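Hi everyone, thanks for coming along this morning. I'd like to walk you through a structure and stop at a few spots on the way. Here it comes on the screen.

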Amino acid sequence: MRVSYPYKDLLPGIDALAGVMGYKSGTAPEPVTDLIAELSEELLTNGEARAEYTIFNHVRLDKVSRTLGVEGVVFNVKPIVFSQLKHAEGAALFICTAGQEVGMRSRRSMREGDLLRGYVYDVLGSEIAEGAADKMQEALRAAAATTGMSITNRFSPGYCGWDVAEQHKLFSFFPDNYCGITLTDSALMNPVKSVSGIIGVGRNVKYEPYRCRQCDDKNCIYRGRKT
Amino acid sequence: MDLSTGTFYLFLTLVWYPGKQILLLQIVVMTDLLERISTCVEFGKVDIKSPYPPAMKGQEGAFELTRHALDKGVSPGDILEEALIPAMSRVGQKFSRNEIFVPQMLMAAKAMSSSMTHIKPYYLSGETKRRGTFIIGTVRGDLHDIGKNLVSMMIEGAGWEIVDLGVDVSTEKFIEAIEQHPGAVIGLSALLTTTMENMRKSAADLRKKFPDLKILVGGAPVTEEFCRKIGADFYSPDPQGAVEYLKTLS
């Protein structure tokens, strides 16, 4: 299923965006909040994020190897992700992207020496991509609910112990340039501000808080997030 | 000139005009420019137009004060050693303690950069020396550059010349840069576990070609253990760690 979302529906408020940068509510310096406001406004005027997902009704879960098989492709998702997918009957494979523009603006600002502007664009781009993934996930949840199914959290290669190199397996399910996203040999998505991954679907799966305490990635961008 | 802040230097200039047999006593009072430059850099006060921090609104910033300092005869080396480096060191320490975040580091860097526009010509003329040359790049296959840029600007603020090779840098390009800058220290950055493998290869090839080369590594997935395994010399989870390590080399 293919969906698109205008940026204006995806970006949180200034305080929340400052929070992503590390600031507690109301503590971000004025130049930072001013710049967030300026660049948000600039992006909101014409930006649109895209998302697509494909549902596979049957998956094969191997409790010994802690792997998940989809149509003959075996994902070595590792223990943290496996523990949350182990009751799945099916799975949705998804990709979302904020598009090229925001990343290009970030890189251009950096090149021109305006590091703060480049950084704020970068954060906005990440939040747009994550916001699109949130919306896509909610659409999937609603669709699954009509058939009595629930969904898990979303999981991406490169997080929760799942090797980022497995992006190649994930992308083998998508046609070339699917949703405008390509993958480099090093498993980097282009546009950079994109999210891909898997969501478990089934009658006995549930959405749970991320298990960050079990993960040793102290620099993970999702560490401590509520969703 | 704002006499309400800072400490004061008194410059007594005795001028003798024999023809008129007059002794002029010129007293030039100047606020402690170095301290003010340092404060401007620490808090991201770039120039007189910068509205931040609010308490310094309308006052001159790092750009103007550095110019004044040079015009008054303060050496560029003193500006660097007594104003810019201590300011960026305080910024790095506050960042390490989570007292400030990336945007404030970048604001400080911008202020430092505005000051450096006046100092760079003295580097080029050889009148002022850098502490060394630091070559940095994000390894082959990786396009992430924010972490690399943060480290670059903190190390530049510590008095080093930066040679930034950008992103997706091949080992050959690193080698070429080291050959152009003998004695340089090198920094390898990676943000993906897949490109950490390229970091390993680059570090191994560089070590083979330059046995005495100091190699620093960094990036979100990089660890101390990985640093040891690939034969790099130093890993730090934040820019200030790299700055402290480089101090031990210069």
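**A strand covered on both sides**

Let's begin with strand 6 of chain B, residues 215-218, which is covered on both faces: B:Ile215 and B:Val217 are buried on one side, and B:Leu216 and B:Gly218 are buried on the other. By buried I mean under 20% relative accessible area, with exposed being over 50% and partly exposed in between, using a 1.4 Å probe and protein chains only. Strands here are DSSP runs of E with at least two residues, helices are runs of H or I with at least four residues, and both are numbered from the N terminus.

A word on what you are looking at: this is a predicted model, where local features need pLDDT of at least 70 and side-chain atom pairs count only at pLDDT 80 or more, while totals for chains, interfaces and linings use all residues. Residues are numbered from 1 along each chain as its sequence is written, chains are lettered from A and ligands numbered from 1 in the order in which they are written, and side-chain values use heavy atoms, with hydrogens and water left out.

Back to our strand. Which strands does it pair with? Strand 5 of chain B, residues 185-189, pairs with strand 6 of chain B in the parallel sense over four bridges, and B:Ser189 stands opposite B:Gly218. Pairing here asks that DSSP finds at least two bridges between the strands. Strand 6 of chain B also runs parallel to strand 7 of chain B, residues 234-235, and two bridges join them. There, B:Val217 stands opposite B:Tyr235. From strand 6 of chain B, the chain crosses through helix 8 of chain B, residues 224-229, to strand 7 of chain B, in a right-handed β-α-β crossover. Strand 5, helix 7 and strand 6 of chain B make a right-handed β-α-β unit as well. Right-handed means that, with the strands pointing away from the viewer, the path from the first strand over the helix to the second runs clockwise.

The side chains of B:Arg200 and B:Glu197 meet in a salt bridge, at 3.1 Å from N to O. For a salt bridge, a side-chain nitrogen of Lys or Arg has to be within 4 Å of a carboxyl oxygen of Asp or Glu. The two residues are three apart in helix 7 of chain B (residues 193-209), so about one helical turn separates them. In general, an α-helix has 3.6 residues a turn, so residues three or four places apart point the same way. B:Arg200 is partly exposed at 32%, and B:Glu197 is partly exposed at 33%.

Now, how is helix 9 of chain B placed, enclosed or open? It is largely enclosed by the rest of the structure, because seven of the nine residues in this helix (residues 239-247) are buried. Among them are B:Pro239, B:Val243 and B:Leu246. At the start of helix 9 of chain B, a side-chain oxygen of B:Asp238 reaches to within 3.2 Å of the backbone nitrogen of B:Gln240.

B:Glu42 forms a salt bridge with B:Lys94, and the closest N and O atoms are 2.9 Å apart. B:Glu42 lies in helix 1 (residues 33-43) of chain B and B:Lys94 in helix 3 (residues 76-96) of chain B, so the pair ties together parts that are 52 residues apart in sequence. B:Glu42 is buried at 14% relative accessibility, and B:Lys94 is buried at 13%.

**Over to chain A**

Chain A has six helices and 10 strands, and buried residues make up 50% of its 227 residues. A:Ala98 is in the loop between strand 6 (90-97) and helix 4 (100-111) of chain A, and A:Ala98 is buried, with a relative accessible area of 1%. Leaving aside neighbours within four places in sequence, A:Ala98 is in contact (heavy atoms within 4.5 Å) with residues including A:Tyr7, A:Glu48 and A:Lys193.

Helix 5 of chain A, residues 115-145, holds A:Gln137, which is buried at 7%.

Last stop: A:Glu38, A:Asp114 and A:Arg117 are linked in a network of salt bridges. Within it, the side chains of A:Asp114 and A:Arg117 meet at 3.6 Å, N to O. A:Asp114 counts as partly exposed, at 21% relative accessibility.

Key: A polar contact is a pair of N or O atoms within 3.5 Å; within protein, one must be able to donate a hydrogen and the other to accept it, and residues adjacent in sequence count only if both atoms are side-chain atoms.
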